[in-house]
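Dear colleague,

I am passing on the structure we spoke about, placed just below, and after it you will find what came out of the analysis. Please read the notes beside the structure itself.

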Number of protein chains: 2
Amino acid sequence: MGKSTNITWHDQTVTKQQRRENNKHHSCVLWFTGLSGSGKSTVANAVAKRLFDDRINSYVLDGDNIRFGINKDLGFSEEDRKENIRRIGEVSKLFVDSGQVVLTAFISPFREDRDKVRELLNEDEFIEIYIKCSLEACEARDPKGLYEKARQGIIKDFTGISSPYEEPNNPEIVVDTEENSIEECVELIVNYLKDKNFYIAE
Amino acid sequence: MGKSTNITWHDQTVTKQQRRENNKHHSCVLWFTGLSGSGKSTVANAVAKRLFDDRINSYVLDGDNIRFGINKDLGFSEEDRKENIRRIGEVSKLFVDSGQVVLTAFISPFREDRDKVRELLNEDEFIEIYIKCSLEACEARDPKGLYEKARQGIIKDFTGISSPYEEPNNPEIVVDTEENSIEECVELIVNYLKDKNFYIAE
């Protein structure tokens with residue numbers, strides 16, 4: 001049997017708490033929700049840049065790294081959209097457990113789906129950020145030409161046009177990208193995190 | 001239209017390279033593969049503890065946080081087992097992109113599935129670690145009583161008993177848990193990482 005019988009098979013695991021203490025900051029999900037073109041990805045990336053400059057480990061999950069990666073098997077049926085958000089929630093939970101701040105930038109139009117993600121995490125680990133912007137302004141921006149295609153019927157079930165967007169009832173943070181500059185949005189979010197002592201280990 | 005028309009909608013993203021420089025270490029997957037009871041999880045957690053002590057950001061993916069989380073919709077059919085490993089690979093890629101060292105502890109018995117994960121990553125980002133241990137020794141250890149159930153036919157398609165295990169052809173590292181203590185296995189793996197300059201930013 002060699003030395004194997006002498007091995008102690010108790011796992012010595014590093015805990016979330018220890019990782020937070022080592023990182024000298026809290027870990028959480030900043031869950032951005034809002035219409036297409038509202039500015040979720042832009043604001044999320046600007047916040048991530050600020051956190052990086054402040055030496056806080058953070059990572060952005062968005063369409064680019066999720067839809068072409070772990071969720072590339074999913075389409076846009078109601079079932080697949082639910083599964084899309086569920087998996088993003090589960091990946092986020094792993095990142096929070098690893099001690100990082102994870103920022104998610106997905107329309108995530110349904111309250112039920114967002115609330116299910118909230119339930120996966122502890123109370124102080126899920127920060128819902130509503131990126132408020134009128135449909136008119138989003139459609140005028142239309143950075144990817146998606147609204148035009150939705151109006152023409154080329155894209156079906158498009159949020160805001162042919163599928164509902166459910167505003168958060170009690171989001172932790174609301175930023176309005178028609179009223180505020182990106183820099184102001186970032187300040188609002190970072191100040192929230194500082195107020196809640198996310199910048200120091202719990 | 002308010003201020004929104006003046007917003008610069010270019011995303012300013014933080015890159016993997018910048019995160020590695022900030023962290024002062026490389027990021028990669030340490031992919032542990034081997035029979036049930038070979039010691040994958042024990043060695044992976046011991047390496048993670050050592051990396052933590054050395055101030056390297058790392059995280060272990062294992063059955064506990066994957067099978068009950070993102071992959072809780074998957075069973076043990078051939079198709080589901082492939083999808084299980086595919087998703088673990090994609091989650092690992094996100095962690096590597098975030099600048100962390102991720103350690104995965106799954107039997108992952110099939111070469112094809114492991115090689116598909118390898119293809120997701122850059123050449124120096126996938127370190128396959130074969131946890132070598134004879135079937136006899138694993139079965140004698142049987143820490144979860146799984147081999148007994150497999151022999152009784154209670155568990156079907158059990159790797160090593162009723163389903164094949166394909167040894168890696170060219171793993172980056174081999175550790176033998178019958179010959180070496182956990183501490184020796186950890187030293188072997190950490191020395192490999194140091195030799196390859198993983199302990200400093202590229």
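How much area is buried between chain A and chain B, and what share of that area do carbon and sulfur atoms give? The area comes to about 4,700 Å², of which carbon and sulfur atoms give 57%; buried area here is the accessible area, taken with a 1.4 Å probe, that two parts lose on being put together, summed over both.

Before the details, please bear in mind that this is a predicted model, in which local features need pLDDT of at least 70 and side-chain atom pairs count only at pLDDT 80 or more, while totals for chains, interfaces and linings use all residues. Residues are numbered from 1 along each chain as its sequence is written, chains are lettered from A and ligands numbered from 1 in the order in which they are written, and side-chain values use heavy atoms, with hydrogens and water left out.

To begin with the fold, chain A has 8 helices and 5 strands, these being DSSP runs numbered from the N terminus (H or I of at least four residues for helices, E of at least two for strands). Read from the N terminus, the order of the elements in chain A is α-β-α-β-α-α-β-α-β-α-α-β-α, and the C-alpha trace of chain A spans about 70 × 40 × 25 Å along its principal axes. An unreviewed UniProt entry carries the annotation "domain: APS kinase" for residues 27-176 of chain A; UniProt positions are given in the numbering used here, feature names are shortened, and such annotations may be inferred rather than shown by experiment. Over residues 27-176 the chain is 43% helix and 18% strand, with the end C-alpha atoms 25 Å apart.

Turning to the interface, 55 residues of chain A are in contact with 55 residues of chain B, where contact means heavy atoms within 4.5 Å. Of the interface residues of chain A, 100% are also interface residues in chain B, so the copies meet through the same surface. Chain A can be laid on chain B with an RMSD of 0.0 Å by a turn of 180 degrees and a shift of 0.0 Å along the axis, the superposition being by least squares on the C-alpha atoms of residues with pLDDT of at least 70 in both copies. The two copies are therefore related as by a two-fold rotation axis, and A:Val91 is the residue of chain A that comes closest to that axis, at 3.5 Å (C-alpha).

Across this interface the rule finds 2 salt bridges, a salt bridge being a side-chain nitrogen of Lys or Arg within 4 Å of a carboxyl oxygen of Asp or Glu. A:Asp73 and B:Arg86 meet in a salt bridge at 3.1 Å, N to O, which runs from the loop between α3 and α4 of chain A to helix α4 (residues 78-97) of chain B. B:Asp73 likewise forms a salt bridge with A:Arg86, with the closest N and O atoms 3.2 Å apart.

Finally, A:Tyr199 lies in the segment after α8 of chain A.
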